[in-house]
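Me: I would like to learn how to read the features of a structure step by step, with the general idea coming before the particular case. Could we go through it together?

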There are 2 protein chains.
Amino acid sequence: MPRYGEAFLSTDEVQLIDRYWRAANYLSVGQIYLLDNALLREPLRKDHIKPRLLGHWGTTPGLNFIYAHLNRVIKAHDLDMIYICGPGHGGPGMVANTYLEGTYSEVYPDITQDEDGLQKLFRQFSFPGGIPSHAAPETPGSIHEGGELGYALVHAYGAAFDNPDLIVTCVVGDGEAETGPLAASWHSNKFLSPKHDGAVLPILHLNGYKIANPTVMGRMSDDEIRHLFHGYGHEPMFVEGSDPAMMHPLMAHTLERAIDRIRAIQASARDGRATVDRPKWPMIVMRSPKGWTGPKEVDGLKVEGFWRAHQVPIVNPRGNPEHLSLLEEWMRSYRIDDLFDNAGGLLPELQALAPQGRRRMGANPHANGGLLKHELKLPDFRDYAIDVPHPGGTEGEATRVMGQFLRDVIKLNAEARNFRIMGPDETASNRLDAVFDVTERVWMEGIEPYDVHLAQDGRVMEVLSEHLCQGWLEGYLLTGRHGLMSCYEAFIHIVDSMFNQHAKWLKVSRTLPWRRPVASLNYLLTSHVWRQDHNGFSHQDPGFVDLVANKKADIVRIYFPPDANTLLWITDHVLRTYDRINVIVAGKQPSPQWLSMDNAATHCDAGIGIWPWAGTEDTGSEPDVVMACCGDVPTLETMAAVDLLRQAVPGLKIRVVNIVDLMTLQPKTQHPHGLDDRDFDGMFTRDKPVIFAFHGYPNLIHRLTYSRANHAGMHVHGFEEEGTTTTPFDMVVLNRLDRFHLAIDVIERVPGLGITAAAIKQQFRDKLLEHTTYVRAHGEDMPQIRDWSWPDRFTKHTVD
Amino acid sequence: MPRYGEAFLSTDEVQLIDRYWRAANYLSVGQIYLLDNALLREPLRKDHIKPRLLGHWGTTPGLNFIYAHLNRVIKAHDLDMIYICGPGHGGPGMVANTYLEGTYSEVYPDITQDEDGLQKLFRQFSFPGGIPSHAAPETPGSIHEGGELGYALVHAYGAAFDNPDLIVTCVVGDGEAETGPLAASWHSNKFLSPKHDGAVLPILHLNGYKIANPTVMGRMSDDEIRHLFHGYGHEPMFVEGSDPAMMHPLMAHTLERAIDRIRAIQASARDGRATVDRPKWPMIVMRSPKGWTGPKEVDGLKVEGFWRAHQVPIVNPRGNPEHLSLLEEWMRSYRIDDLFDNAGGLLPELQALAPQGRRRMGANPHANGGLLKHELKLPDFRDYAIDVPHPGGTEGEATRVMGQFLRDVIKLNAEARNFRIMGPDETASNRLDAVFDVTERVWMEGIEPYDVHLAQDGRVMEVLSEHLCQGWLEGYLLTGRHGLMSCYEAFIHIVDSMFNQHAKWLKVSRTLPWRRPVASLNYLLTSHVWRQDHNGFSHQDPGFVDLVANKKADIVRIYFPPDANTLLWITDHVLRTYDRINVIVAGKQPSPQWLSMDNAATHCDAGIGIWPWAGTEDTGSEPDVVMACCGDVPTLETMAAVDLLRQAVPGLKIRVVNIVDLMTLQPKTQHPHGLDDRDFDGMFTRDKPVIFAFHGYPNLIHRLTYSRANHAGMHVHGFEEEGTTTTPFDMVVLNRLDRFHLAIDVIERVPGLGITAAAIKQQFRDKLLEHTTYVRAHGEDMPQIRDWSWPDRFTKHTVD
């Protein structure tokens, strides 16, 4: 292989970069090991060593090597670049580099650029009350923690969309490269416009090992690697070796080639020609030893270039004098005097290697997206309202109405290019297709004449991978933009763990004043459990909200709008929030509409409320029973149950409570939206039976309300894990969430109904049987159930 | 491209296969559309059509085409083959083919091989009370539903491991190919031994479209596809076209080539040479039109060869006479008279095309793995017990002890080759490394002299992808073998959705008498939330069990062994169970041991129990307080809290209850392991305060116990989503699960402690402060806390 760059970098330049790299490596080792004696002014003693050695050395020197070279290329070409560190456990490297470039001390002024600051820098790492071991929110320049591996490259693409001048360098470790999400992420290049988006420069870092094994890609031949990435649509460039004297010029030259290539691709796409073929974007494959520059052997066992270098390569310097001297030898091998002045400051000629100001990767505002965030322009959601003259008299498809609102959100922010909708091939299927009046789906592959709504530029991103949708959106939000992800309810579980990690990121970010708030991550979960009757059991799972409810109350909100106007209000609301995760669960099928826009606004604002027009109670006295409902289908079934009961038991005083904002059920002490006990008791009574029709697993309601006075009175109907391919009404019957089961439960729980109770229950049971017989004979629900709507005559109470 | 196979298949053979294919296509359309008139004996009328049209046509003709050709090659070479249908929503095709080959009627005798049977076959599909629309457990020959896309290929590999004579053909749709898990699955070939395992023959079916978009791979050039799969380690063979007359011979010839190649690879690996290079396994890339042979256009819009063919291509034959006649024309295009006799039976010359008996893919016993399952040979777990002369006096690492047991499980079943351990690079890190005394990690890539425990043959599979581990294990279990997956607790969320789908599969399978039970899916979750202090917040999440607890009680079990001997008992137990998912959460760190093997057996058998030696209550009277603990760290903290309280409040009557089997907390009506109310009240009292130290999120305990008499008295300490890099004890302090917070809670809840209460609480608070100060100064826990063990003097009650 030709030795690129030997003529390109002078020997002096090579030596300077090498010294910068050694400084970063020294600081990385110092963070892992040292409590004291940060500049090794005296011989290393065991009491200079931390009692618990925590941190990951193996990946770090490679990350530092890349950082140093990116600094060079940023300066040389005045690049706007951020660094996504896939092996985020190489936190010591990210901290070391942002310290060397000065960002760290600006963000954390007590970590000064001198010996005292160095001491603190070392001590705080992985130390109680200090900083985490990963490239966490605490790390300047990071939008990616990487603790759970797999999402580096999707985050990088999310950051690059609509940022035409940005280059996102993304280091992918060969461990991470084995994960599913990462393996799919390489195809993201089919969704990146060279004209409108920035560039992603992937650096696949093959150091050959993970915790205790070689890596799959680390042991693949260059030939297979070349084929694989060519097949993924990249032009791979190899940087391989272990001799720094050879590796520095090779890396410098390769980065030049890669940046040249990016610039050429962008120039050709941006020079006015309408269409270009999907380009082969460059990527770098860097093979370097794991634990590079660290100890070759410890206790006679291979360490450098092997998995034993993964975490702490010398394990017992406090207890083993040989280990101590090996550590000292290692640390001194970086020649501190050649790096820092006597006060502990980085030598000026090395300082000069880092970019300045916002060009430093630790200070690039894209990595603190709240700094760049502009509010979305939102149309008045009232303009999209469905006219609901009285409850239940109108039909509407909630998500279709939401789609019209989103269409105009896209229109109003078209110029700002700061809003995207992601979904796994389901935007139209979820009936948000009004958005296609004003935009298209992004598609960089070939487009056929008969294709519809595909273009190289668009606001909608669809790929059959929830991981990619979620990861792109996270990257997009964390760099200061806005968005929404729509998904089949059951399959959002695919990204449970990504949701977890994003929630953790937000929780920690909120404690860091220098991290500015970013737009919330908004989910629309539709095609939900009650209307997946055509796809069957595998598509029926409402459990994502159980996971969500485990997270810190500050971070999460869960909404179950019962109809279109409530969904409109909530959509508008969530798009205004920040640093949260909002989950909206709403159906797409034609259903009765309950609330006028004004009533919807009042109801959503409270999050929960009594629907007087729906109940039969007198004002001024307590009801006999409360029928609570949360979710669109449970609300419909509750309405129908009230209708049955009105006819069967005249005089029965039913109160109907509808819950839009699930967290209102929690105690106020646990969630800011929670009702206080007095309001809760006022609504649910302290002792009357509550028949609660819930969209999801019944246990979630119990878990939210267990400390309420009337908890023992709560009888929750919801998904009981009974599903199949059948009709919509048969689905609710299978899970006893239907109107008849609800009405029967009321009859059974309300005391004093006397001997008529048995007859009424039998009447309802007969109806159930009649329906079941009908549906199995005809393959569809009985018309009077399918087409049921809330009778006009029961809406006299409506005030509007 | 040369037209392979023109000379290979005679014209007659081509025509026969084409007729078989047409029969399958006809049956597929019939299932989607027809209520009646199954053989089109009279002109199609709207009342012959189902009222709700549910099903997926688009992928089905391709699946049928492949099935017909696999039948041919199975017969030609007497192959042992199963068919994994990635696009499982092509259920009509799988049902049609198993019907044509006779399997379906054997499994479901009412679906006879005549007109009446055809009628029922059509009617039941996606019909209330009938069968699901997907290749579900109800479908003979299926081990893969495919409703949630992404897992076809991992299931295929799981099935092939240790089945040297089996060929697993796996159809991967181009929609599914976009998912993360599938993208990573292609690398599974690096873990398949040509000597000891069977073969997987992937058929990437590029029909170009998903629900409403083209597919990424469908629009990639053959050149990129060839590079990509060459890079993945395959030899791709292309079958492309839409003219059946050309496609049949091409497919037949390509399958011959692929089978030849598989046989050659296997022969070369099995002829006695010790080592072979990783072979390039063949795969087939089949490009054919979506909705092939269906209507070209409907209402003037392109359907065949476009995404509009995805589901029901002609949407309204009941309401639109043009649609009705188009449907009739389509169905008649298959020329029924050429396929079925007058009674509705498949013509004999077509029947003759299917393999016989167990060679039929619908009847292959590997796809009903319980038929092939042998019990594992298990050593006596008592032989591995830690000697615990008195509680808390011994230290042990629970998972290390489990590893010794597993080592001998591997040894005893080495010849049977029916047990594997999967894990994402964590078997050693999780301290199960005793297994490497008797086996190695499977690795088909190059092996270096300094590598350890890698071999082409082994019982341990490690790859840094939870998706692959889970999917391989599922495939392995569903084909009749046994296994265990060990995983960091936090990252098991990565496979939440796979867990969901497997639980659904088991639930339905249990209702089908012909499906024989398979071994349970066993998880060991370790490196858990309380001991991820070195990796920090991203590695701290105990919420998987919340998800598990949502599933049907028949299916799931959750165990929290507090020490090594309890873990041993449970490991032995779960390996004997079937058709379940067992979750074991256990730590790997050195910790005090509480129970002798005998006591452990008694305790685990009950699942929950009072530990009299740990409490301070008198026999015969009620305690003042119950301290409950579930999980190893909560148990330790509870023991230490009791110790503090004994000293601070002599005479306080504390009862200690330990929970191993979490489901004992649920009412007996909800879970077979649940305690009845009387036993529960006997243990937890009806009105005394219960201070409950729980491993996971506190809400889970509330949700399990909300209906118990003493629920209002339960005060649960657990993970409060507070995490970072710190020390083990600091972690529990941050979440108020530590001994001091527990003891303070006791003091606050027990009435009548008088004025001393405040002083005692202050004493505990001071201790907490002292510790926090210490840990932040020294970076490690105070020795008296770190090294605390249950004092000997308190164990006088032990009976053993």
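Me: Let us start with strand pairing: which residue of β3(A) is the bridge partner of Val172(A)?

Reply: Two strands pair if DSSP finds at least two bridges between them, and the strands themselves (E, at least two residues), like the helices (H or I, at least four), are DSSP runs numbered from the N terminus. Here the bridge partner of Val172(A) in β3(A) is Leu204(A), and strand β2 (residues 166-173) of chain A pairs with strand β3 (residues 199-206) of chain A in the parallel sense over seven bridges. This is a predicted model, in which local features need pLDDT of at least 70 and side-chain atom pairs count only at pLDDT 80 or more, whereas totals for chains, interfaces and linings use all residues. Residues are numbered from 1 along each chain as its sequence is written, chains are lettered from A and ligands numbered from 1 in the order in which they are written, and side-chain values use heavy atoms, with hydrogens and water left out.

Me: In what order do the strands of the open sheet in chain A lie, and which are the edge strands?

Reply: The order of the five strands is β1-β2-β3-β5-β4 (chain A), with parallel pairing. At the edges are β1 (80-85) and β4 (234-240) of chain A, each of which pairs on one side only, and from one strand to the next the twist averages 20 degrees. For such angles, axes are lines fitted to C-alpha atoms, for helices over the stretch in contact, and the angles run from 0 to 180 degrees between N-to-C directions. Helix α6 (residues 152-160) of chain A packs on this sheet, touching β1, β2, β3 and β4 of chain A, and its direction makes about 175 degrees with that of β2(A); contact means heavy atoms within 4.5 Å.

Me: Which helices lie across strands of chain B?

Reply: Among them is helix α2 (residues 60-77) of chain B, which lies across β1, β2 (166-173), β3 (199-206) and β5 of chain B and runs at about 175 degrees to β1(B). Helix α9 (residues 244-270) of chain B lies across β1, β2, β3, β4 and β5 of chain B, at about 165 degrees to β4(B). Within chain B, seven bridges join β4(B) to strand β5 (residues 281-287), and the two run parallel; Pro236(B) has Met283(B) as its bridge partner in β5(B).

Me: How many residues does each chain bring to the contact, and how much area do the chains bury between them?

Reply: Chain A and chain B each bring 120 residues. Buried area is the accessible area (1.4 Å probe) that two parts lose on being put together, summed over both, and between chain A and chain B about 9,900 Å² is buried, 54% of it on carbon and sulfur atoms.

Me: How many salt bridges are there between chain A and chain B?

Reply: Side chains of opposite charge can pair when their charged atoms come close. A salt bridge is a side-chain nitrogen of Lys or Arg within 4 Å of a carboxyl oxygen of Asp or Glu, and the count between chain A and chain B is 18. One of the salt bridges joins the side chains of Glu721(A) and Lys551(B), at 3.0 Å from N to O. Asp541(B) forms a salt bridge with Lys551(A), their closest N and O atoms being 3.1 Å apart. Asp541(B) lies in the loop between β14 (521-526) and α15 (544-548) of chain B, and Lys551(A) in the loop between α15 and β15 (556-559) of chain A, so this pair joins two chains.
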